[in-house]
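The following note is intended for a colleague who is meeting this structure for the first time.

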Amino acid sequence: MDDLKAKVVLITGASTGIGAACALALGALGCQVVVHYNSSKDAALVVAAAIEASGGQALVQQADLRHSSACESLVAASVKRFGRIDVLINNAGALVQRMPITEITDAVFDDIISLNVRSMLMCTKYAVPHMPAGSSIINLTSVAARHGGGPGAAMYAGSKGFVSTATKGLAKELVPKGIRVNAVSPGVVVTPFHEKFSTPAQMETMRQTIPMGRLGTVDECVGAFLYFASEKMSGYVTGQVMEINGGQYMP
């Protein structure tokens, strides 16, 4: 994947989990990586230091992407530092909290939609004018978009369903600009996400539904992002959702 060297990559939610794993891998390939975080500053600094130690360049940038203005500011800071954006990875998102529909409040609704939908759309909106032909946008969706999610996660699943569907629409819209748009859909992967929102019992129940008999790791997701990021590898691929779930769901 030598075509990725020196590419400018903006990764939202890059301080931990899948986002951090992607940032480290792309940095090791010689990319210029914008490491976005919301609250995990120390973790973001560690990721950035590792990128620079491996030969890449890193910019650490804070933004609360629930707000469109923050999405605009994040893109502006990225372009000010590196001049353009070659790869946008819309990784930021959260379940927020498990909650049955009878208890959903406006505040929880707004947080879920803002974190998972608004951040993806608005970062894309502001990044596209700075993305040359041959660029790539990669959205993070979830297996929950396919099967509806676990207990109390219907709103989250629905928001990720939006991401999966919008990926296809954006792929059609941005094809004339030479920008490819795809999505990665992890299954049950061991990340701070599940440490926060899923009990050990819930994780075991989910594990039992996976034909491979185990949970995934963040490093096992990275290859899909590298593939979509590389025009050399996936130049004829757009509007696709790649499932990484150990066989839990086979569309």
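1. Naming of elements. Helices (H or I, at least four residues) and strands (E, at least two) are DSSP runs, numbered from the N terminus. By this naming, H4 and H6 each supply at least two residues to the lining of the second largest cavity.

2. Basis of the note. The model is a predicted one, in which local features need pLDDT of at least 70 and side-chain atom pairs count only at pLDDT 80 or more, while totals for chains, interfaces and linings use all residues. Residues are numbered from 1 along each chain as its sequence is written, and side-chain values use heavy atoms, with hydrogens and water left out.

3. A cavity is a set of points, on a 1 Å grid over the protein atoms alone, where a 1.4 Å probe fits but cannot get out; a pocket is an open set with protein on both sides within 12 Å along at least five of seven lines; lining residues have an atom within 4 Å of a point. Grid points are joined across faces, edges and corners, and a volume is the space filled by probe spheres set on the points. The count is 2 cavities of 30 Å³ or more.

4. The largest cavity. This cavity holds about 50 Å³ of space. Its lining includes Thr12, Asn90, Asn116, Ser119, Met120, Asn139 and Lys160. Two or more lining residues come from each of H4, strand E5 (136–140) and helix H6 (154–174), and H4 gives the most, with 3 residues. By class the lining has 4 nonpolar, 6 polar and 1 charged residues, where Ala, Val, Leu, Ile, Met, Phe, Trp, Tyr, Cys and Pro count as nonpolar, Asp, Glu, Lys and Arg as charged, and the others, Gly among them, as polar.

5. Ser119, a residue of that lining. Ser119 lies in helix H4 (residues 106–127) and is among the residues that line the largest cavity. At 5% relative accessibility, Ser119 counts as buried (buried means under 20% relative accessible area, exposed over 50%, partly exposed in between, with a 1.4 Å probe and protein chains only). Neighbours within four places in sequence aside, Ser119 is in contact (heavy atoms within 4.5 Å) with Leu65, Cys71, Asn90, Ala92 and Ser114.

6. The second largest cavity. Its volume is about 40 Å³. Among the residues that line the second largest cavity are Leu95, Met99, Ile104, Val108, Ile112 and Tyr156. H6 provides the largest share of this lining, 3 residues. The lining divides into 9 nonpolar, 2 polar and no charged residues.

7. The second largest pocket. About 150 Å³ of space lies in this pocket. It is lined by 14 residues, of which Gly216, Glu220, Ile244, Asn245 and Gly246 are the closest to its centre. The lining consists of 7 nonpolar, 5 polar and 2 charged residues.

8. Salt bridges. With a salt bridge taken as a side-chain nitrogen of Lys or Arg within 4 Å of a carboxyl oxygen of Asp or Glu, the count comes to 7. One of them joins Lys232 and Asp2, with the closest N and O atoms 3.2 Å apart. Lys232 lies in helix H10 (residues 231–234) and Asp2 in the segment before strand E1 (8–11), so the pair ties together parts that are 230 residues apart in sequence. Lys232 is exposed at 60% relative accessibility, and Asp2 is exposed at 57%.

9. Further salt bridges. Arg207 pairs with Glu204 in a salt bridge, the closest N and O atoms being 2.8 Å apart. Both lie in helix H8 (residues 200–207), 3 residues apart, and are separated by about one helical turn. The side chains of Glu220 and Arg214 also form a salt bridge, at 2.7 Å from N to O.

10. Helix H1. How many of the 12 residues of H1 are buried? The number is 9, so H1 is largely enclosed by the rest of the structure. The buried residues include Ile18, Cys22 and Leu26. Just after H1, Gly30 takes a positive phi of about 90°.

11. Ala6, in the segment before E1, has a positive phi near 75°. Val96, in the loop between strand E4 (87–90) and H4, has a positive phi of about 75° although it is not a glycine.
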